[in-house]
Amino acid sequence: MKWLDTEETVRFNEVDTYGIAWYGHYIAWFDVGRMALLKEFNLRPQDMISLGYMAPVVDLKCTYKHPARCGDVVLIRTTVVKPEIAALIFRFEINREPDRTLLARGETTQVLMTVENKMLYRLQGELKQRVETMLAHFSG
Amino acid sequence: MDEIVNNTQQLHSYLKQMIIETLKLEEISQDDIDDDAPLFKDGLGLDSIDALELVVAIENIFNVVIEDEDVGKQAFASIRSLAVFIQAAYGSHQRSLSAAG
């Protein structure tokens, strides 16, 4: 499985009273990874809108293994899985550099809608082409 | 499959079982699903991902395509509507197959 990697450094304002990265920030890190990946395939939210679609997140999972602390460099690994249904499913791993300790694993599911709020049951046209290019890249 | 599709009672029961199995509704039995209750929102309370799963199941089992949400809204209104939709679409699909053959 191929992954796209991005890095972030845990900021002072991201740690909680326990001195570890607040659990909600992991979701923001997932988004950093997903945006970097989507940019490669012209599927960023602004690209979706210009094609006439939206892809809202309808499901989110995150499992925490180890904490991150202020100043830690976290490696955000993102990949996309081929779903049987008309949805986009991304998987994430957050690792701590330099030893790549696994901190968290996650997954998001997005459904596809037209900008008029109509759900898509199957992908068509330019959107289908871009999504298939992205899936082919990560399944190869 | 022709026999099930052509027998409305059997088809209702088949569709209920298909929904239970596809969506892994472990605490629900066929008897809990009313033929006329809405499948989404205040009926069975299914969500958008459930709709996508059912669309794929129906396509795989009956070779019947539910194109988009407009069609889906009618088809998924209830078990009864879904049966009517499948019977109509399945019939036309079989006719086009025999015409082609």
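Predicted model: local features only at pLDDT ≥ 70, side-chain atom pairs only at ≥ 80, totals over all residues.
Strands of a sheet pair through backbone hydrogen bonds, in either a parallel or an antiparallel way. In chain A, 5 strands make up an open sheet, and their order across it is E1-E4-E5-E6-E3. The pairing is antiparallel.

Helix H1(A) lies across E1, E3, E4, E5 and E6 of chain A. Its direction is at about 60 degrees to that of E4(A).

## Strand E6 and its two partners

E6(A) can be followed through its pairings on both sides. With E5(A) it pairs in the antiparallel sense over 10 bridges. Arg96(A) is the residue that stands opposite Thr101(A) of E6(A) in this part of the sheet. With E3(A), E6(A) pairs over 7 bridges, again in the antiparallel sense. Here Leu60(A) stands opposite Thr108(A) in E6(A), and Lys61(A) stands opposite Glu107(A) in E6(A).

E5(A) and E6(A) form a hairpin with 4 residues between the strands. Within this hairpin, Arg100(A) takes a positive phi near 60 degrees. Pro98(A) is placed in the loop between E5 and E6 of chain A. The peptide bond that leads from Glu97(A) to Pro98(A) is cis, and its omega is near 5 degrees.

## Where the chains meet

How many residues does each chain give to the contact? Chain A gives 12 residues and chain B gives 12 residues. On the side of chain A that touches chain B, strand E3 (57-64) and strand E6 (101-111) each supply at least two residues. By class, the residues on this side of chain A are 8 nonpolar, 1 polar and 3 charged.

A helix of chain B is placed over the sheet of chain A. H3(B) lies across E3, E5 and E6 of chain A, and it runs at about 70 degrees to E6(A).

## A helix pair in chain B

Two packed helices are described by the angle between their axes and the distance between those axes. In chain B, the axes of helix H2 (residues 8-22) and helix H3 (residues 48-62) come within 10 Å and cross at roughly 125 degrees. That angle makes H2(B) oblique to H3(B). The crossing of the two helices H2(B) and H3(B) is right-handed.

Which residues of H2(B) meet H3(B)? They are Met18(B), Ile19(B) and Thr22(B), and on H3(B) they meet Glu53(B), Leu54(B), Ala57(B) and Ile61(B). Sorted by class, the contact of H2(B) with H3(B) has 5 nonpolar, 1 polar and 1 charged residues.

## Residues in the loops of chain A

Ile20(A) is in the loop between strand E1 (4-9) and helix H1 (25-40) of chain A. Leaving out residues up to four places away in sequence, Ile20(A) touches Val15(A), Pro67(A), Ala68(A) and Arg69(A). Ile20(A) and Ser50(A) are 30 residues apart in sequence, and their C-alpha atoms are 39 Å apart in space.

Two asparagines in loops of chain A have a positive phi. Asn42(A) lies in the loop between H1 and helix H2 (45-51) of chain A, and its phi is near 55 degrees, a positive value in a residue other than glycine. Asn42(A) counts as partly exposed because it has 15 C-beta neighbours inside 10 Å. Asn117(A) is in the loop between strand E7 (113-114) and helix H3 (125-139) of chain A, and its phi is near 70 degrees, also a positive value in a residue other than glycine. Asn117(A) is exposed because 9 other C-beta atoms lie within 10 Å, and the cut-off for an exposed residue is 12 or fewer.

Technical notes. Residues numbered from 1 in each chain as written. Chains lettered and ligands numbered in written order. Axes fitted to C-alpha atoms, helices over the stretch in contact; angles between N-to-C directions. Parallel < 35°, antiparallel > 145°, perpendicular 65-115°, else oblique. Left-handed = near helix turned anticlockwise from the far one by under 90°. Contact = placed C-beta atoms within 7 Å. Nonpolar A, V, L, I, M, F, W, Y, C, P; charged D, E, K, R; others polar. Pairing = 2+ DSSP bridges. Buried ≥ 20, exposed ≤ 12 C-beta atoms within 10 Å, placed from the backbone.
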